[in-house]
Amino acid sequence: MRNIARAGGVGDNVSTPEQIAANSPSSNQPTTTTVGGGGGGTGGSPKTGSKPVRSESTAGILFGIGAYGLWGLLPLYFFVLMPASAIEIVANRIVWSLLFCALLITITRAWKTFWAAVKDSSVFGPLALAAVLIAINWLTYTFGVTTGHAVETSLGYFINPLVSVLLGVLVLKEKLRPLQWAAVGIGFVAVGVLTFSYGQLPWIALILAFSFGLYGFVKKRVGPKVDALTSLSVETVVLAPFAAITMVVLAVTGVETLTTLGAGHFWLLVASGVITAVPLLFFGASARRLPMTTIGLLQYFAPVLQFVVALTVFNETMTTARWIGFCVVWLALVLLTIDMLRTTRKNSVLKKRARLAAAGS
């Protein structure tokens with residue numbers, strides 16, 4: 001849990017704010033799990049009553065694609081909510097997410113777990129900080145999409161793995177491998193190229209990358225103590241009073257759209273609770289079934305989709321300089337991925353040798 005940069009910052013991170021929220025202890029379970037998702041398998045031939053490894057892996061990949069696919073298509077949802085502002089969308093997302101989480105907690109009879117988390121300062125404190133970070137991330141992301149900067153928002157999640165590696169160095173004082181250093185260096189070059197292209201720092205992308213990187217860092221510290229649903233519920237509890245006040249102010253000032261644009265728009269905004277929680281649950285199901293290496297590779301699915309939507313649906317402009325900047329970022333990510341796969345393979349070989357040595361002793 002300590003080493004954010006251990007696998008090149010890729011395997012331990014995901015492309016949207018909700019993904020780290022699903023980083024419960026079960027996220028690191030091996031690929032063989034018992035029926036019911038308990039993660040009780042430890043490899044080898046599945047026991048009676050267990051799903052085959054291949055079936056579990058296939059299900060994990062499908063759940064992962066579902067999660068990242070929904071996150072990648074999220075800009076389309078914000079698009080149909082216009083002319084609602086970013087502030088109104090995020091406020092509604094928080095309030096309706098809280099209600100949906102309360103429903104799920106009731107169905108799963110997990111109120112005892114939820115209240116235990118609220119009363120535990122070592123859990124509630126970090127989650128409150130995480131809530132502030134995720135609010136910043138959501139506001140920036142929604143603002144970017146609704147103001148014609150969807151390409152830049154996708155850039156933020158492409159940069160995020162590089163930020164996580166950088167946090168490993170600056171905060172945890174970790175030592176990077178040569179390919180990781182090269183990737184971080186190339187990332188700085190990419191920011192320089194994109195700054196030249198935009199005529200200013202790509203601040204939307206940088207705020208998204210750093211807010212989510214810090215969010216992930218905070219959540220990893222508390223991850224073993226709380227499950228995904230409880231974590232999201234506590235965060236929305238922290239943010240809900242501010243979101244509710246915001247909704248009231250918007251209504252009083254006559255700028256809210258929740259009740260003024262018809263039933264269709266109303267229910268689309270209400271659906272934000274489900275749209276927030278479902279991908280999170282999909283990710284949790286995927287993380288229980290897949291190694292973090294596979295999760296790390298799947299994470300690029302979301303920003304790629306965001307990028308494609310920005311170009312094909314929103315018709316945003318990509319100048320030659322911006323294409324160059326994005327290509328430099330992608331080069332850095334290729335290096336991180338190569339380093340991650342190489343390190344994973346090396347660790348796998350070492351573990352296999354250790355098992356053989358233990359068996360022969």
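**Figure 1. Val-80 in helix α3 of the predicted model.** Val-80 is a residue of helix α3 in a model that is predicted. With a relative accessible area of 46%, Val-80 is partly exposed, because this class lies between the limits of under 20% for buried and over 50% for exposed.

**Figure 2. The chain as a whole.** The chain contains 15 helices and zero strands. Its length is 361 residues, of which 52% count as buried. Among the contacts in the chain with a separation of 6 or more, 83% are between residues 24 or more positions apart.

Figure 3. Most residues other than glycine have a negative phi, and most peptide bonds are trans. The peptide bond that runs from Met-82 to Pro-83 is cis, and its omega is near 20 degrees. Pro-83 belongs to the loop that connects α3 (74-81) and α4 (86-108).

Figure 4. Although Arg-109 is not a glycine, its phi is positive, at about 55 degrees. Arg-109 is placed in the loop between α4 and α5 (111-119). The relative accessibility of Arg-109 is 76%, so Arg-109 counts as exposed. Asn-315, likewise a residue other than glycine, has a positive phi near 55 degrees. The loop that holds Asn-315 lies between α14 (301-312) and α15. Asn-315 is exposed because its relative accessible area is 58%, and the exposed class begins at values over 50%.

**Figure 5. The packing of helix α6 against helix α7.** Two packed helices are described by the angle between their axes and the distance between the axes. For helix α6 (residues 121-146) and helix α7 (residues 150-170), the angle is about 145 degrees and the axes are 7 Å apart. The crossing of α6 past α7 is left-handed. On the α6 side, the contact is made by Asn-137, Tyr-141, Gly-144 and Val-145; on the α7 side, by Ala-150, Thr-153 and Tyr-157. Sorted by class, this contact of α6 with α7 comprises four nonpolar, three polar and no charged residues.

**Figure 6. The packing of helix α7 against helix α15.** The axes of α7 and helix α15 (residues 320-360) cross at roughly 35 degrees and come within 10 Å. The α7 and α15 crossing is left-handed. From α7, the residues in contact are Val-151, Ser-154, Leu-155, Phe-158, Pro-161, Leu-162 and Val-165. These meet Phe-326, Val-329, Trp-330, Ala-332, Leu-333 and Leu-336 of α15. The contact of α7 with α15 has twelve nonpolar residues, one polar residue and no charged residue.

**Figure 7. The largest nonpolar core.** In soluble globular proteins, nonpolar side chains tend to be buried together. The largest nonpolar core has 66 residues, and those that touch the most other members are Phe-78, Ile-94, Tyr-141, Val-151, Leu-155, Phe-326 and Val-329. Helix α7 gives the most to this core, namely eleven residues. When residues up to four places away in sequence are not counted, Phe-78 touches Ile-89, Arg-93, Tyr-141, Thr-142, Val-145 and Thr-146. Another core, of 17 residues, lies apart from the largest one and includes Ala-228, Leu-232, Val-234 and Leu-280.

Figure 8. Thr-230 is part of helix α10 (residues 228-252). Thr-230 counts as buried because its relative accessibility is 2%, and the limit for this class is under 20%. The side chain of Thr-230 and the side chain of Asp-227 make a polar contact of 2.8 Å. Apart from neighbours within four places in sequence, the residues in contact with Thr-230 are Thr-113, Phe-114 and Ala-117.

**Figure 9. Ala-285 and Ala-59.** Helix α12 (residues 272-289) contains Ala-285. Its relative accessibility is 7%, so Ala-285 counts as buried. Ala-285 and Ala-59 are 226 residues apart in sequence. From C-alpha to C-alpha, the distance between Ala-285 and Ala-59 is 8.5 Å.

Technical notes. Residues are numbered from 1 along each chain as its sequence is written. This is a predicted model: local features need pLDDT of at least 70, side-chain atom pairs count only at pLDDT 80 or more; totals for chains, interfaces and linings use all residues. Side-chain values use heavy atoms; hydrogens and water are left out. Axes are lines fitted to C-alpha atoms, for helices over the stretch in contact, and angles run from 0 to 180 degrees between N-to-C directions. Helices (H or I, at least four residues) and strands (E, at least two) are DSSP runs, numbered from the N terminus. A crossing is left-handed if the near helix is turned anticlockwise from the far one by less than a right angle, and right-handed if clockwise. Contact means heavy atoms within 4.5 Å. Ala, Val, Leu, Ile, Met, Phe, Trp, Tyr, Cys and Pro count as nonpolar, Asp, Glu, Lys and Arg as charged, and the others, Gly among them, as polar. Buried means under 20% relative accessible area, exposed over 50%, partly exposed in between (1.4 Å probe, protein chains only). A polar contact is a pair of N or O atoms within 3.5 Å; within protein, one must be able to donate a hydrogen and the other to accept it, and residues adjacent in sequence count only if both atoms are side-chain atoms. A nonpolar core is a set of buried Ala, Val, Leu, Ile, Met, Phe, Trp, Tyr and Cys residues joined through side-chain atoms within 4.5 Å.
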